[in-house]
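My notes follow the model shown here.

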Amino acid sequence: MSVDAQPRWFDAQAIGTALERETAPDAAELRDILNKSLELQPLTLAETVALMRVQDGVGVGRIMAAADEVKQQVYGDRIVLSAPLHISNHCGSECLYCANRKSNKAVERKYMTSPEMREAALKLIRQGHKRIFLVSGQLPNADIEYLAEAISILYTAFDGVGEVHSVNVNVGALESHEYAALLESYVGTVLIYQDTYHEASYRAAHISGPKSDYYARLNAADVAFQAGVPDVGGGLMLGLGPWQYDLLGIVQHQAHLLRAYDTGCRTLSLHRMRCAPGSNMQTPYPVSDADYLRCVAIARLAVPYAGIILTTKEPAGLWRDGCSAGASQLLTGSVANPYGNWIDNPEHKVPFPIGEDCHVDEVVRFLLEEARHLPSFCAACPRLGRTGEEFLSMVRECGMKNQCGPNSAASFLEFLLHYATPYTRMIGEQLLAEKMERMTTGELGAAKRLLTKVRAGRIDEFI
């Protein structure tokens with residue numbers, strides 16, 4: 001397969017044809033589509049568009065409720081928390097919306113040194129994090145050795161109690177041997193965000209450099225899977241292209257990956273385009289809060305097995321509602337966030353301000369008080385080497401939920417005992433007791449055994 005040719009699976013005409021539908025489904029059609037999702041069957045383009053055309057409050061409410069029910073079937077009532085860590089903003093691409101773009105003079109360029117990476121990792125661990133998303137710019141010749149060093153440093157950081165158990169890497173389209181090199185570093189999920197499947201929008205935003213190759217980006221997941229990468233994550237920058245078109249692109253892409261490799265995108269990140277220091281582009285297709293939530297819910301119904309990731313860069317009430325509309329993971333609490341303090345002080349050039357303005361304790365407290373979800377720091381799957389087809393098989397059989405509940409409870413109690421503030425610990429213990437009352441007999445027995453070990457001082461307990 002040539003990476004510079006349009007892949008056969010991508011059918012822009014089919015997406016355009018599906019989007020020609022303007023009418024909302026009647027009650028019977030909506031019921032049938034939602035029932036199909038509740039049976040954990042991926043939706044077709046036509047079925048996905050039918051959900052997009054629902055505008056009345058009752059119908060939208062049914063979609064939101066069904067999305068939450070699908071998420072509960074697949075993963076249970078927990079929200080996995082991870083942290084992004086930006087280690088470099090050197091980049092060879094000119095992406096007009098991005099602060100890292102090659103010609104941007106508003107920022108200082110920086111590579112984190114090894115000691116800085118270790119200190120950043122320890123700051124995240126001291127908040128309670130165990131899962132990290134590694135982010136850097138994309139150079140014409142990808143610096144795989146630098147990424148591999150960062151992964152190694154993160155895995156060896158230890159604060160006396162906690163440590164990192166999962167490092168996912170956000171990278172561009174790489175060569176096969178480069179993906180293989182990442183695998184040697186025990187990388188978790190390789191995140192390859194398409195940003196937009198809408199070709200005209202993609203080319204207008206990515207004008208030069210490695211990321212400007214639209215077809216290479218479309219083909220990147222195939223190259224990664226063929227290189228032996230077991231888990232790939234996808235992502236959209238909502239607003240860069242029409243969100244309805246982009247969501248259908250995800251549906252097509254996921255269907256192709258399932259056919260070709262019997263596994264699809266393990267995660268799907270849904271982030272809205274936002275202003276960045278020195279960016280040179282306004283949002284072409286602004287996405288309202290209401291449409292953002294609809295997109296999250298429809299994504300869950302259309303691709304039921306993917307872990308849907310939101311970010312605390314969204315307003316708190318919005319990601320709270322998104323966690324009740326199908327999302328299963330939350331990206332939060334970075335100590336090196338390139339969207340942090342620049343806008344407050346635009347004259348001061350900094351690469352990625354080091355700070356803890358989005359401390360995970362605040363996010364956990366908000367989840368406990370406002371959303372009533374069980375925060376999870378579980379990293380059992382990466383520790384067990386559960387990837388690719390094995391992971392998807394467990395998800396399909398709803399076996400993941402039976403383990404996620406007890407494991408999430410144990411990881412959350414560990415956070416409460418070692419990292420939470422006193423108030424967060426108090427309300428966390430209360431919610432934990434409530435959640436255990438709703439567990440099945442089998443889940444409850446496993447959870448009690450794990451919690452007994454954690455209270456006795458054991459670390460990283462899971463089944």
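How many residue pairs are in polar contact between domain 1 and domain 2? I found five residue pairs, both residues at pLDDT 80 or more; a polar contact here is a pair of N or O atoms within 3.5 Å, where within protein one must be able to donate a hydrogen and the other to accept it, and residues adjacent in sequence count only if both atoms are side-chain atoms.

I noted the ground rules. The model is predicted, local features need pLDDT of at least 70, side-chain atom pairs count only at pLDDT 80 or more, and totals for chains, interfaces and linings use all residues. Residues are numbered from 1 along each chain as its sequence is written, and side-chain values use heavy atoms, with hydrogens and water left out.

I looked up the bounds, which come from an automatic or database domain assignment: domain 1 is 12-70, domain 2 is 76-381 and domain 3 is 394-456.

I then checked the contacts (heavy atoms within 4.5 Å). Domain 1 brings 27 residues and domain 2 brings 22.

Next I read the buried area, the accessible area (1.4 Å probe) that two parts lose on being put together, summed over both. Domain 1 and domain 2 bury about 2,000 Å² between them, and carbon and sulfur atoms give 75% of that. Ile15, Met52 and Met64 supply 28% of the area that domain 1 buries against domain 2, more than any other three residues.

I looked for salt bridges (a side-chain nitrogen of Lys or Arg within 4 Å of a carboxyl oxygen of Asp or Glu) and found zero between domain 1 and domain 2.
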